[in-house]
Amino acid sequence: MKILIVDDSKAMRMIVCRTLKQTDFSGFTVIEAENGMDALNKIATESPDLVLSDWNMPEMKGIDLLKRVRDSGNNVRFGFITSESSLETKKLAHESGADFLVTKPFTPGSMQAALDPILA
């Protein structure tokens, strides 16, 4: 399993990666992208099984990344890890094709709960 972590913060990408390693999941490879354009390139060239994206990023927001991925016909599993927790944000994410949304701060338990239906 290949997981693409998309966040403009290197520190946050490292935290997400560390948290993934603290879950019960194993046997995955992590690749990283620092913005939406980088993510689009890595989705095209690396074919990840799952994308974990921040919502708020410069240049291209996570929701715009998701829309571009879906508009291209790609159905890769896609989840947001974000500080955006409003009902409007969650509704927009799901209507745009996101599989889940994990709000910051998160724990290995909350990450596990979000990923169980996807990776089990």
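1. Ground rules. This is a predicted model, in which local features need pLDDT of at least 70 and side-chain atom pairs count only at pLDDT 80 or more, while totals for chains, interfaces and linings use all residues. Residues are numbered from 1 along each chain as its sequence is written, and side-chain values use heavy atoms, with hydrogens and water left out.

2. An unreviewed UniProt entry lists residues 2-119 as "domain: Response regulatory". UniProt positions are given in the numbering used here, feature names are shortened, and annotations may be inferred rather than shown by experiment. Over residues 2-119 the chain is 46% helix and 20% strand, with end C-alpha atoms 11 Å apart. Helices (H or I, at least four residues) and strands (E, at least two) are DSSP runs, numbered from the N terminus.

3. The unreviewed UniProt entry carries the annotation "modified residue: 4-aspartylphosphate" at Asp54. You will find Asp54 in the loop between β3 and α3. Is Asp54 buried or exposed? Asp54 counts as buried because its relative accessible area is 7%; buried means under 20%, exposed over 50%, and partly exposed in between (1.4 Å probe, protein chains only). Leaving aside residues up to four places away in sequence, Asp54 touches Val6, Asp7, Asp8, Gly62, Phe80, Ile81, Thr82 and Lys104. Contact here means heavy atoms within 4.5 Å.

4. Asp7. Look next at the loop between β1 and α1, which holds Asp7. With a relative accessible area of 5%, Asp7 is buried. Among the residues that Asp7 touches, not counting those up to four places away in sequence, are Met12, Arg13, Asp54 and Lys104.

5. The cavity. How many cavities of 30 Å³ or more does a search of the whole structure find? The search finds 1, and about 30 Å³ of space lies in the largest cavity. A cavity is a set of points, on a 1 Å grid over the protein atoms alone, where a 1.4 Å probe fits but cannot get out, and lining residues have an atom within 4 Å of a point. Grid points are joined across faces, edges and corners, and the volume is the space filled by probe spheres set on the points.

6. The cavity lining. Both aspartates come back here: the lining of the largest cavity includes Asp7 and Asp54, along with Ile5, Met12 and Lys104. At least two lining residues come from each of β1 (2-6), α1 (10-21) and β3 (50-53). The lining divides into 6 nonpolar, 1 polar and 3 charged residues. In this scheme Ala, Val, Leu, Ile, Met, Phe, Trp, Tyr, Cys and Pro count as nonpolar, Asp, Glu, Lys and Arg as charged, and the others, Gly among them, as polar.

7. Helix α2. Gly36, Ala39, Leu40 and Ile43 are buried in α2 (residues 36-46). Seen down the axis of α2, these buried residues fall within an arc of 100°, so they line one face of the helix. The arc is that of the directions from the helix axis to the C-beta atoms. The buried residues of α2 pack against β1, β2 (29-33), β3 and α3 (62-71).

8. Helix α3. Its buried residues are Gly62, Ile63, Leu65, Leu66 and Val69. They line one face of α3, because they fall within an arc of 155° when seen down its axis. Their packing partners are β1, α2, β3, β4 (77-82) and α4 (87-95). Arg68 also lies in α3, but is partly exposed, with a relative accessible area of 44%. After α3 comes Gly73, with a positive phi near 90°.

9. Backbone details. Which peptide bond is cis, with omega near -5°? That bond runs from Lys104 to Pro105, and Pro105 sits in the loop between β5 (100-103) and α5 (108-119). Glu59, in the loop between β3 and α3, has a positive phi near 75° although the residue is other than glycine. Glu59 is exposed, with a relative accessible area of 71%.

Methods
1 Å grid on protein atoms, 1.4 Å probe; cavity = no way out; pocket = protein on both sides within 12 Å on 5 of 7 lines; lining within 4 Å.
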